[in-house]
Amino acid sequence: MSEAQRTPFVESLLEAAAQAELPGSGIGWLDAARRENLDAFVTAGLPDTRVEAWKYTALRALGQRRFAPGDEQAATRAVDAATFMLPGVDGPALVFVNGVFRADLSRVDALPTGLSLQPLSQALKGDAEPLRFALSRHYREGGDAFARLNAALSGDGVVLRVAPNAKVAQPVHLVFVGAAAEGAAPAHPAPAALAHPCASDLAWHVRHIVELGEGAELSLVEHHVASGEQQHLGTQVTDIVLRKGARLRQVTLQNASAGSTLVRHDSVQLDEDAQATLYVLELGGALVRHDLHATLAGDRSRLETRGVFVLNGRQHVDTQMAIRHQALNTASDSVWRGVADQRSRGVFRGAIVVAEGADGSDASLSSKNLLLSGQAEIDTKPELEIYADEVKAAHGATVGQLDERSLFYLRSRGIPLVEARAMLTAAFCRAVFASLDNDALREHLDHQLMAHLPSA
Amino acid sequence: MLKIENLHARVEGKDILKGLTLTVNPGEVHAIMGPNGAGKSTLGNVLSGRDGYEVTAGSVTFNGVDLLALEPEERAAAGVFLAFQYPVEIPGVNNTYFLRAALNAQRRQRGEKELDSMQFLKLVREKLKIMQISDELLHRAVNEGFSGGEKKRNEIFQMAVLEPKLAILDETDSGLDIDALKQVAQGVNALRSAERGFLVITHYQRLLDYIEPDFVHVLADGRIVESGDKTLALKLEEHGYAWVADKDPALSGASA
């Protein structure tokens with residue numbers, strides 16, 4: 001792409017890169033990796049809908065927006081801790097405001113034995129060498145624009161390690177607050193004000209590296225919240241590695257500002273006998289993209305994914321899940337539910353590949369979706385590619401409406417239509433989190449879900 | 001209480017009810033019998049407000065209010081209850097939660113105070129005793145995995161909690177063995193009172209051995225063609241529905 005064709009989006013981020021003083025700058029390999037990723041991002045720009053992975057998510061409007069190069073006051077901006085309190089989650093916490101680590105809001109004293117938890121900005125001040133492999137990654141595919149951008153501009157994030165055989169009982173809380181950058185936000189921002197980009201739109205980028213040693217156990221909560229209405233762009237790239245026999249349970253609660261753009265890219269690698277269960281609840285954001293790539297790399301590794309999105313207004317949420325079975329007797333089980341109301345749009349792609357030699361794999365994927373309005377849209381696409389023998393695989397995808405008979409049944413007992421719809425919709429989603437054994441947190445997710453459904 | 005006059009209704013463009021007239025007063029139990037296709041279930045559905053039923057003529061008033069102008073939930077709040085022929089299974093919605101939401105929604109619509117969970121639990125315990133239902137049923141999702149008998153008993157249990165003024169039982173006996181039938185009938189009888197009217201829709205006389213009606217009406221081709229006391233049901237049992245058709249040559253083509 002020639003200079004003349006650069007979109008305002010690319011231009012503004014290029015300016016941001018020129019001004020940024022990122023943690024870790026001066027480390028030769030890191031500078032080089034950042035530069036190369038920035039060049040790749042600028043050259044390719046944002047993908048268009050001809051790129052298969054972006055078929056249902058157009059980035060043209062985003063390409064016309066400009067973002068300020070980060071929040072100078074992020075380190076001191078007042079944020080009410082109540083915005084990110086979660087019942088059942090009172091262990092160690094790292095809090096980031098507009099992508100900047102906030103020691104004053106975090107809880108990192110008295111970490112349990114075997115847990116090492118640090119902001120990336122701090123880790124880069126010490127021996128950065130252990131981070132080299134993850135941070136010098138190159139993203140080649142056309143669709144990886146945001147991963148490149150993140151690699152070029154991220155200076156903070158989470159570095160979390162659990163020592164072999166350490167079992168961390170208390171969930172670790174990772175909080176990402178998108179905070180309005182200009183004073184207090186109006187209580188009821190006019191829709192027109194949200195539709196137009198302004199100088200206070202910020203871009204922030206966080207990069208996480210998580211490793212569970214052999215036999216380690218961890219429960220992790222990733223939490224995106226808003227402090228005041230804003231239309232920031234957040235990008236996040238997470239690498240998670242589970243060594244032999246390690247167990248991870250992760251809950252992601254995405255409750256970002258209604259005007260924001262949030263792009264997350266997760267890579268999860270499971271070695272022998274490792275097990276991961278990932279719960280995802282997508283509620284917030286205007287434009288949200290989540291790439292979840294998991295590799296069952298070791299024999300007998302198991303992955304469960306459980307996800308729900310509940311959309312309204314003009315929200316657009318796109319989940320792209322790719323699971324690769326590449327070892328013997330591996331199992332993956334994925335259950336996703338989507339609800340779209342008003343003019344919102346949900347996209348779910350679940351691609352499962354059983355690689356050659358991954359005999360005895362067991363893969364199942366269910367994506368069921370509910371349209372609550374005639375103008376909402378959900379595109380779901382399960383894909384299954386099998387190159388191995390003795391494989392058990394099942395997948396199903398549906399998009400439908402609420403069952404009229406059930407609605408009438410509830411109404412015939414006196415429950416008004418809106419309430420009946422909310423009740424049935426919640427029931428449709430609720431089963432997804434039934435296996436989450438943190439009762440307080442599960443109930444909280446339930447309440448959040450109910451609060452996002454159309455109700456009386 | 002319930003006044004149906006010259007009711008005409010159609011489903012999917014087909015006329016089903018063709019001039020039905022019936023009055024139910026408080027305390028009365030009316031049985032509506034009739035062959036398949038006579039319009040029995042249509043009557044229940046029209047009265048409870050299910051979509052897809054078009055009333056083309058006639059009127060239905062309930063305690064002076066135009067029932068047909070009300071939404072299903074408003075009819076429920078006004079005191080109309082339909083026990084379904086096929087109760088719907090609703091996975092993910094807890095039976096107790098559902099019932100409390102229903103009762104409180106009705107109370108809200110009537111301008112009454114909602115019951116808190118303690119008051120509700122007390123009420124439920126009382127009703128469970130009357131219905132002889134185990135409270136295990138309450139902890140499950142609405143009708144999910146219930147046997148045919150459990151589903152019907154759950155309908156009657158809901159009726160006991162919601163305390164309607166008019167209860168419509170739509171072929172409540174269908175698919176029940178004799179023990180389940182007796183249990184359901186027992187529940188219904190426990191709810192009979194001077195203030196409550198019943199419309200018992202059934203194909204077979206059998207149910208009426210256990211729920212004794214004050215009036216029996218024969219529905220054929222969308223109209224009530226014969227009315228009498230409980231002995232009419234026995235006559236029907238003996239002679240079959242053809243007997244009614246024979247009495248009214250205009251119907252001979254319509255009976256099943």
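**A chat about chains A and B**

User: How do strand β3 and strand β10 of chain B pair, parallel or antiparallel?

Analyst: In this predicted model, strand β3 (residues 29-33) of chain B pairs with strand β10 (residues 197-202) of chain B in the parallel sense, over five bridges.

User: Which residue is the bridge partner of H30(B)?

Analyst: The partner of H30(B) is L199(B), in β10(B).

User: Which strands of the sheet does helix α1 of chain B touch?

Analyst: Helix α1 (residues 40-48) of chain B packs on the sheet and touches β3, β6, β9 (166-170), β10 and β11 (215-220) of chain B. The direction of α1 makes about 145° with that of β9(B).

User: And what does helix α5 of chain B touch?

Analyst: Helix α5 (residues 148-162) of chain B also packs on the sheet, where it touches β6 and β9 of chain B. Its direction makes about 165° with that of β6(B).

User: What is the strand order in that open sheet of chain B with mixed pairing?

Analyst: The order is β6-β9-β10-β3-β11-β12 (chain B), which makes an open sheet of six strands. At its edges stand β6 (80-83) and β12 (223-228) of chain B; each has a single partner strand, so one side of each is left without a neighbour in the sheet. From one strand to the next, the twist averages 20°.

User: What about the open sheet of four strands in chain B, in which order do they come?

Analyst: That sheet has the order β2-β1-β4-β5 (chain B), and its pairing is antiparallel. Its edge strands, β2 (14-24) and β5 (65-66) of chain B, each pair on one side only.

User: How many bridges join β4 to β5 in chain B?

Analyst: Two bridges join strand β4 (residues 53-62) of chain B to β5(B), and these strands run antiparallel. One residue to look for is T61(B), whose bridge partner in β5(B) is D66(B).

User: Moving on to helix α7 of chain B, which of its residues are buried?

Analyst: In helix α7 (residues 231-239) of chain B, the residues L232(B), A233(B) and L236(B) are buried. They cover an arc of only 100° around the axis, which puts them on the same side of α7(B).

User: Which residues are exposed on the other side of α7(B)?

Analyst: T231(B) and E238(B) are exposed there. Just after the helix, G240(B) takes a positive phi of about 80°.

User: Stepping back, how many helices and strands does chain B have?

Analyst: Chain B has eight helices and 12 strands. Of its 256 residues, 44% are buried. Its C-alpha trace spans about 60 × 40 × 35 Å along the principal axes.

User: How many of the 10 residues of strand β6 of chain A are buried?

Analyst: The count is 10 of the 10 residues in strand β6 (residues 203-212) of chain A, so the strand is largely enclosed by the rest of the structure. A203(A), H205(A), R207(A), I209(A) and E211(A) point one way, and W204(A), V206(A), H208(A), V210(A) and L212(A) point the other way.

User: In what sense do β4 and β6 of chain A pair?

Analyst: Strand β4 (residues 158-162) of chain A pairs with β6(A) in the parallel sense, over four bridges. β6(A) also runs parallel to strand β8 (residues 233-242) of chain A, to which 10 bridges join it. I209(A) in β6(A) stands opposite V159(A), and I209(A) also stands opposite D239(A) in β8(A).

User: How many residues of each chain are in contact where A meets B?

Analyst: There, 18 residues of chain A are in contact with 20 residues of chain B. On the chain A side, the elements that give two or more residues are α8 (404-412) and α9 (417-430) of chain A. α8(A) gives the most, with seven residues. By class, that side has nine nonpolar, three polar and six charged residues.

Methods:
Residues are numbered from 1 along each chain as its sequence is written. Chains are lettered from A and ligands numbered from 1 in the order in which they are written. This is a predicted model: local features need pLDDT of at least 70, side-chain atom pairs count only at pLDDT 80 or more; totals for chains, interfaces and linings use all residues. A residue is buried if 20 or more other C-beta atoms lie within 10 Å of its own, exposed if 12 or fewer, and partly exposed in between; C-beta atoms are placed from the backbone. Two residues are in contact if their C-beta atoms, placed from the backbone, lie within 7 Å. Ala, Val, Leu, Ile, Met, Phe, Trp, Tyr, Cys and Pro count as nonpolar, Asp, Glu, Lys and Arg as charged, and the others, Gly among them, as polar. Two strands pair if DSSP finds at least two bridges between them. The arc is that of the directions from the helix axis to the C-beta atoms. Axes are lines fitted to C-alpha atoms, for helices over the stretch in contact, and angles run from 0 to 180 degrees between N-to-C directions.
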